[in-house]
Amino acid sequence: TFDFVQWSSTNKMPSKVLTPITQALNDGALSRKELKYLMRRSDKPALLHFILWYLVLMATGTLIYLSDNSVWLLIPAMFLHGIVMVHHFSLQHECTHYTPFKTRWLNDVFGNY
């Protein structure tokens, strides 16, 4: 069996932990200029993603409504709708870190929506 206490007391963390970004910078796969460009913040991409998510949510909700309680249509429609709904959690989670939107109050609004 695995003994976490014994493992943690005998195995030490490596002295240098590399994140994927640090490793990409060290390997030359990504320059600091490219990283800065990729890390710039804006409200537009997050708003577009939210609008797209909302439209897909409405489409899958409409599929449920149109299934007319037919089990053969209702179950797949609900499955798709559930997948779409679960993706909203990632937006809410990232809004708690204030990362999707540049504007802080938009993170607060969409994080609590």
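Visitor: What should I know before we start, and what pLDDT do side-chain atom pairs need?

Guide: Residues are numbered from 1 along each chain as its sequence is written, and side-chain values use heavy atoms, leaving out hydrogens and water. This is a predicted model, in which totals for chains, interfaces and linings use all residues, local features need pLDDT of at least 70, and side-chain atom pairs count only at pLDDT 80 or more.

Visitor: Which residues of helix α6 are buried?

Guide: Helices here are DSSP runs (H or I, at least four residues; strands are E, at least two), numbered from the N terminus. Buried means under 20% relative accessible area, exposed over 50%, and partly exposed in between, with a 1.4 Å probe and protein chains only. In α6, which spans residues 104-111, the buried ones are Leu106, Asn107, Phe110 and Gly111.

Visitor: Within what arc do the buried residues of α6 fall?

Guide: Look down the helix axis and take the directions from it to the C-beta atoms. The buried residues line one face of α6, because they fall within an arc of 125°.

Visitor: Which exposed residues sit on the face of α6 turned away from its buried side?

Guide: The buried residues pack against α4 (44-66) and α5 (71-96), where contact means heavy atoms within 4.5 Å. The face turned away from them carries Arg104 and Trp105.

Visitor: Are the rings of Phe50 and Tyr54 stacked or tilted?

Guide: Rings of Phe, Tyr and Trp (its six-membered ring) pair if their centres lie within 6.5 Å; planes under 30 degrees apart count as stacked, over 60 as edge-to-face and the rest as tilted. Phe50 and Tyr54 are four residues apart in helix α4, about one helical turn. Their ring centres are 6.2 Å apart and their planes are at 25°, so the pair is stacked.
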